[in-house]
Amino acid sequence: MYSPDTTKYLIHIHLETEGVVEKPDVVGAIFGQTEGLLGEDLDLRDLQRTGRVGRIDVQIISRRGETTGDIFIASSLDRAETAILAASLETIDRVGPCVSHVRVECIEDIRVAKRKKIIERAKELLLDAFDEDSIDSQDLLDEVRESIRIEKIRLIGDDRVPAGPNVEDSDAIIIVEGRADVLNLLRYGIKNSVAVEGTNVPDIVVSLCEKKTATVFLDGDRGGELILRELLQIADIDFVAYPPRGKSVEDLSRKEIVKALRNKVPVEYVRDNIEREARRNGSNQDIRPTLYPDPPLPPESPPVQESDDPSLLFSPSDEAGNGLSSLGGHIRAIKGSGLLRVLSPDFSTLGDYPLEAYKEILEELSGETAGIIIDQPVNQRILDLAAEKGLEFIAAREFSGIVKRPATVRMVKI
């Protein structure tokens, strides 16, 4: 009917005649009655000869002495020229010997029709033709991140146990069961975990526990209990974190991991629980202790003593009335001063120093010192240094990031 490569428009014409006619009659009427009507540039025969107008397709049917049907003419002219050509066809008033009525019903933009067809087909292809196993962007990102995490895993010690990249540089470590657990913690940015990979705890893990604050974070199953029992016997463990009951560390979400580590309990609590369970069963051997208890877990952070009058905690009465024979009096004097005060066992002042010199002062403390008051927050490093110097107490504005509280040092918040 028309060339799809060159056609821009398709003219739709409806024909009615008052008599019986055939296709050649219709074509002859179109050429004959439009000849010379639009000038040489739009002469229909010339346009067909040069390929700017396609062949005339006539589809008619005769019934009861009348003929009706449709005529289709393809055009590669521009919009204006095509409209003029279509309008000229409506001047045809006779086909053969019969009176006729010609009406242009529409001029179809073939390119629009093609675009619609392309869109509909594209929708079908999008829904049905793509391979269902194709990787989406999130899967691709996860795969790349997984490869990065695998590259970050280190193998440490003679036993080549899997560990996070920061396990040797960090002040604290998290002991997990296997490589998959290390990978899952790395997924959420926790880089200081090390795996024991079975009940035979590697020497490197025992060594790390002696130097660092160690938190055990194992699966809540029989295997996890056995590993925990061995660690309690041979390693210096500080805390135990419990996953949700019946879940493995490698399957936990970020929220579950953070919650479990936040609710870690001191190892003494676990040991006491084992002893109670053993006594309840009348034996200290061959009894599976309840290492994953149901009672509420103790708070994560070590308690800090607070009082409106800290002198009531462990200082003698202020008989002199000057407020400097008690810890409370010294606290009131130092609070807001930006100083560090060193006190003797009888609460006399051994010296006041600027906060910038706290590290040097702590390192030079002697056995005559009972404690210090420091008008700034205290972190784990300062607290550990105070314990090394044998201090009985340390008073500070706040205690932040404390994961291991020395048993010999009393903490007072001013």
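A nonpolar core is taken here as a set of buried Ala, Val, Leu, Ile, Met, Phe, Trp, Tyr and Cys residues joined through side-chain atoms within 4.5 Å, where buried denotes under 20% relative accessible area with a 1.4 Å probe and protein chains only. The model is predicted, so that local features need pLDDT of at least 70 and side-chain atom pairs count only at pLDDT 80 or more, while totals for chains, interfaces and linings use all residues. Residues are numbered from 1 along each chain as its sequence is written, and side-chain values use heavy atoms, with hydrogens and water left out.

The largest nonpolar core holds 28 residues, of which Ile-173, Ile-175, Val-194, Cys-209, Leu-231 and Ile-237 touch the most other members. Among the elements giving two or more residues to this core are β8 (172-176), α7 (203-211) and α8 (222-234); helices (H or I, at least four residues) and strands (E, at least two) are DSSP runs, numbered from the N terminus. A second, separate core of 25 residues includes Ile-71, Ile-73, Val-95 and Val-102.

Within α8, Gly-224, Glu-225, Ile-227, Leu-228, Leu-231 and Leu-232 are buried. These buried residues line one face of the helix, because they fall within an arc of 165° seen down its axis, the arc being that of the directions from the helix axis to the C-beta atoms.

Strand pairing requires at least two DSSP bridges between the strands. Strands β1 (residues 9-17) and β5 (residues 98-109) pair in the antiparallel sense over 9 bridges, and His-12 stands opposite Cys-106 in β5. Strand β4 (residues 94-95) also runs antiparallel to β5, joined by 2 bridges, with Val-95 opposite Cys-98.

Notes:
Buried means under 20% relative accessible area, exposed over 50%, partly exposed in between (1.4 Å probe, protein chains only).
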